[in-house]
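Keep the structure open while you read.

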Amino acid sequence: RGWAQSVGEREQGVASVSAPVRSPGGKVIAAVSVSGPLARLSRQPGRMHAPAVLAAAERLSESLRRA
């Protein structure tokens, strides 16, 4: 699906959604991530935030391909 979410895995009470930024050769070189309290991001943060995180990561990857 191209993204990952974490719910309390790294820090209790914190959720996050991340997507990879890839080099022109396809290697993962960075990530775009949104994180915050579970009360704000919910127990399924990917539902709300994955589309924006994926779009940002893809824009960065595309910029690197054009550079």
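Predicted model: local features only at pLDDT ≥ 70, side-chain atom pairs only at ≥ 80, totals over all residues.

Residues are numbered from 1 along each chain as its sequence is written, and side-chain values use heavy atoms, with hydrogens and water left out.

First, the layout. The protein chain has two helices and three strands, and from the N terminus they come in the order β-β-β-α-α. Helices here are DSSP runs of H or I with at least four residues, strands are runs of E with at least two, and both are numbered from the N terminus. The C-alpha trace spans about 40 × 20 × 15 Å along its principal axes. Of the 67 residues, 30% count as buried, where buried means under 20% relative accessible area, exposed means over 50%, and partly exposed is in between (1.4 Å probe, protein chains only). As for records, an unreviewed UniProt entry carries the annotation "domain: IclR-ED" over residues 1-66; such annotations may be inferred rather than shown by experiment, and their positions are given in the numbering used here, with feature names shortened. Over that stretch, residues 1-66, the chain is 39% helix and 35% strand.

Now find helix α2, residues 45-66. Its 22 residues reach 31 Å from first C-alpha to last, close to the 32 Å expected; that expectation is 1.5 Å times one less than the number of residues. Follow α2 along and you'll see a bend of about 30° at P51, taken as the angle between axes fitted to the seven residues ending there and the seven starting there.

Which residues of α2 are buried? They are P45, G46, H49, A50, V53, A57 and S61. The spacing is worth a look: an α-helix has 3.6 residues a turn, so residues three or four places apart point the same way. The cover over the buried residues of α2 includes β1 (4-7), β2 (14-22), β3 (28-37) and α1 (38-41).

In soluble globular proteins, nonpolar side chains tend to be buried together.

Let's zoom in on G46, in helix α2. G46 counts as buried because its relative accessibility is 4%. Beyond its neighbours within four places in sequence, G46 is in contact (heavy atoms within 4.5 Å) with W3, Q5, V17 and P51.

Over in strand β2 sits S16, buried because its relative accessible area is 14%. Leaving out residues up to four places away, S16 touches A4, Q5, S6, S33, V34, S35, L41 and P45.

Aside from neighbours within four places in sequence, K27 is in contact with V21 and R22. Its C-alpha is separated by 32 Å from that of R40, 13 residues apart along the chain.
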